[in-house]
Amino acid sequence: MSAAKLVLFLTAITCSVIAMPERKVSGQNFAQVERAMHPNVQKAGALNVNPDEFGTSYWKNQAQETILNKKDMTFNKNVAKNVIMFLGDGMSVATIKSARVLAGQLNGEDGEGNRLAMEYFPYTGFSKTYCADAQVPDSACTATAYLRGIKANYATIGVNGQVARGDCAASLLEENRVDSIATWSQAAGKRTGIVTTTTVTHASPAGNYAYTSERHWESDDVTFGNDCDDIAYQLIYGKTGQSFNVALGGGRSNFLPTGYTDEEGVVGNRLDERNLVEEWLASKSSANAAYVWNRTSLLELDEEVDYLFGLFEDEHMKYYLDDVNHEEPTLEEMTEAAIKVLSKSENGYFLFVEGGRIDQAHHSNLPRKALMEAVEFSKAIQKAKDLTNEEETLIVVTSDHAHSLTMSGSADRGFDILGIGIAAEDEINYPILNYINGPGYRAEEDGHRYNFSQNDLSDKDLQYPSLVPLSSATHSGEDVGIFASGPWSHLFVGFNEQNVIPHIMAFASCVGEGYTACDE
Ligand SMILES: *[C@@H]1O[C@H](CO)[C@@H](O)[C@H](O)[C@H]1NC(C)=O
Ligand SMILES: *[C@@H]1O[C@H](CO)[C@@H](O)[C@H](O)[C@H]1NC(C)=O
Ligand SMILES: [Zn+2]
């Protein structure tokens, strides 16, 4: 299409958009509102949209191509030697769409048509995320579902619904405890590992190895002297934690004694005055074990290492956007290091990788950070895909729960995903991304809704508008996606209760107590 024709064509589209029946909206002509909403249509060429998209054949060809690619799809019924589970904490469908658009726009490419790594996976399904006692769940009860195969109570990990939140005694009863797919994989002689951008003792990674009635008992300074082992202790001495080949993330303070200051100036939290990092090294002294606390050491890791423990921050690892000098390893770098250690196993491995701070940025109503964490998460998935073979490795990408972010407003194609400019009836524009609740709430000014346009939208710490004031945004209860590739990935199609996920992974990799692919 010539440039002149394109202009004519786009003008026609613009007109068809504006030619709406006139409708009065609080004193304003609806057509005017529509026009204000579509300031970019004339510039569609500048939006990195392929001009062919405004015709017919582009879409028909694209659809035909999709069918030709899919029609001979076969089921991969191999035994999964390896299983990698990627968990995007709080990675709702709204987050996936927004992150995909941001990733495209940052590359100067089409955002809406862009795809994140897991969008190339052949099979997808839904995960229903409620817990035994919760309509809208947290990361602890959901980890118990997607790693142990049962739904349980809010804030509890590795124990069934008989254990109420904070009930230490009930959590100690063996009959209330349930093992994780990491435990099952170890029993089958596989290597196992966990990687996260949060503390390694946070709810999602702890879902692999801890049994606790309270997710916040990460170190013994918060267990209040009860009889229950804190989560950090369980990582070093618990039956599953002690056998991990890999544990990478943040949370060093939880492993160091109070009064102790390490190389990086990190002060310990532990009241038992134990140095669990040293104890871990001592327990692995007969093996090729390495403890690392910085990116350089991780990247220069000896090929011989069979046990790898990396704690890169006292608390959570830095947000990707805050680590301006790239001092900490990215999730992609940690994933690669983990796969190197685990893939030396003849019997295969189970690896859990969490993009844990998508959720935390959403809690703070910080979409720029949340979306960049999701983009980084996607890069880690791509790395794992590149380093493995789908004939023998099942990769499952999902989220524990949705979040408070909404993408609402009739924005044009190519609209800056973090931008503002959508017209409202009170004549104060609003952004396409907003939160239902959280600290981004602003009170009215002079009897008008807060004018968000006055902010610097490039500020990574700008809190986007929230409808309801809360110091921390809540999760939301919608279903989340499951994306799967490799052996038996087709079993994830449809609407799944979240607790079915580890049963399918166990089936595919022939671990656990249930019926497996090896019984076929
Ligand atoms: C990383 O850790 C190693 C081992 O403790 C240390 O020798 C090195 O100086 C550290 N590098 C940086 C950049 O902090
Ligand atoms: C909102 O703020 C922007 C930027 O400061 C300004 O241009 C606009 O006029 C304001 N809107 C209203 C309704 O005050
Ligand atoms: Zn959360």
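Guide: A polar side-chain atom of tryptophan 293 lies 3.0 Å from an oxygen atom of ligand 1. The model is predicted, so local features need pLDDT of at least 70 and side-chain atom pairs pLDDT 80 or more, while totals for chains, interfaces and linings use all residues. Residues are numbered from 1 along each chain as its sequence is written, chains are lettered from A and ligands numbered from 1 in the order in which they are written, and side-chain values use heavy atoms, without hydrogens and water.

Visitor: Why does the pair of tryptophan 293 and ligand 1 count as a polar contact?

Guide: A polar contact is a pair of N or O atoms within 3.5 Å; within protein, one must be able to donate a hydrogen and the other to accept it, and residues adjacent in sequence count only if both atoms are side-chain atoms. The distance for tryptophan 293 is 3.0 Å, so the pair qualifies. Polar side-chain atoms of asparagine 294, at 2.3 Å, and serine 297, at 3.2 Å, also lie within the limit for an oxygen atom of ligand 1. Taken alone, ligand 1 exposes 360 Å², of which the protein buries 37%; accessible areas come from the Shrake-Rupley method with a 1.4 Å probe, and for residues only the protein chains shown count as cover.

Visitor: What makes a residue part of the surroundings of ligand 1?

Guide: One of its heavy atoms must lie within 4 Å of the ligand. Trp293, Asn294, Thr296 and Ser297 surround ligand 1. By class, this shell has one nonpolar, three polar and no charged residues, where Ala, Val, Leu, Ile, Met, Phe, Trp, Tyr, Cys and Pro count as nonpolar, Asp, Glu, Lys and Arg as charged, and the others, Gly among them, as polar.

Visitor: Which residues are around ligand 2?

Guide: They are Glu427, Ile428, Asn451, Ser453 and Gln454.

Visitor: What makes a space a cavity and not a pocket?

Guide: On a 1 Å grid over the protein atoms alone, a cavity is a set of points where a 1.4 Å probe fits but cannot get out, whereas a pocket is an open set with protein on both sides within 12 Å along at least five of seven lines; lining residues have an atom within 4 Å of a point. The structure holds one cavity of 30 Å³ or more. The largest cavity has a volume of about 60 Å³, and its lining divides into eight nonpolar, two polar and no charged residues. The largest pocket holds about 710 Å³. Of the 23 residues that line the largest pocket, Gln62, Thr66, Lys70, Arg115 and Glu119 are the closest to its centre.

Visitor: Why is the pair of phenylalanine 86 and phenylalanine 377 called edge-to-face?

Guide: Rings of Phe, Tyr and Trp (its six-membered ring) pair if their centres lie within 6.5 Å; planes under 30 degrees apart count as stacked, over 60 as edge-to-face and the rest as tilted. The whole structure has 13 aromatic pairs. For phenylalanine 86 and phenylalanine 377 the centres are 5.9 Å apart and the planes at 75°, so the pair is edge-to-face.

Technical notes: Points joined across faces, edges and corners; volume = space filled by probe spheres on them.
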